[in-house]
Amino acid sequence: AQRLAELGGALASGVRGGRGGRVRRSKAPKQPLELFSFESSPFSRIVREVLCELELHYLLRNTGKGRWGDLGPPMLRDRLFRARPDTARNRTLLFERTGRVQVPYLIDPNAGVELFESEAIVAHLEAHYAR
């Protein structure tokens, strides 16, 4: 199982051109960023790669799925199950803060912004922290 996990990780990194494996020049934030994410989210992975490349400190709030009703894309999941996503601590925290559970979600206290969507988050990180 360990070797399969290593192979899967290597393949995912290879497909992404080794993103997240090299450091780029950046400006360090005064306060840590906060990222709501879960490991198997491909959109969260894109954000984590940029955070790693820029060597930005951040608090990771894992938002793993706690029950079957948490599975699937938000629009489909919310239509089918119509239940408040309160199965896991960080999912509840995200829902209470934003009214939905969607990752990635970045909180940047330095810029006073909170963002959904990996493209918007990466654009923000590049604009504010990359040199």
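This is a predicted model: local features need pLDDT of at least 70, side-chain atom pairs count only at pLDDT 80 or more; totals for chains, interfaces and linings use all residues.
Local features were taken at pLDDT of at least 70 and side-chain atom pairs at pLDDT 80 or more, while totals for chains, interfaces and linings use all residues. Residues are numbered from 1 along each chain as its sequence is written, and side-chain values rest on heavy atoms, with hydrogens and water left out.

Let us turn to the rings. The structure holds 2 aromatic pairs, where rings of Phe, Tyr and Trp (its six-membered ring) pair if their centres lie within 6.5 Å, and planes under 30 degrees apart are stacked, over 60 edge-to-face and the rest tilted. Y105 and F116 form a tilted pair, with 4.5 Å centre to centre and 50° between the planes. Because Y105 belongs to strand β3 (residues 105–108) and F116 to strand β4 (residues 113–116), this pair ties together parts that are 11 residues apart in sequence. Strands (E, at least two residues) and helices (H or I, at least four) are DSSP runs, numbered from the N terminus.

Ring pairs also bring F36 into a cluster with Y105 and F116. Y105 is buried, at 4% relative accessible area, and F116 is buried at 15%; the term means under 20%, with exposed over 50% and partly exposed in between (1.4 Å probe, protein chains only). Over the ring of F116 sits the charged end of R100, 3.8 Å from the ring centre; the criterion is NZ of Lys or CZ of Arg within 6 Å of the centre and within 35 degrees of the ring normal.

H124 is placed in helix α5 (residues 118–129) and counts as buried at 8% relative accessibility. Leaving aside residues up to four places away in sequence, H124 touches L106, D108, A111, V113, L115 and Y129, contact meaning heavy atoms within 4.5 Å.
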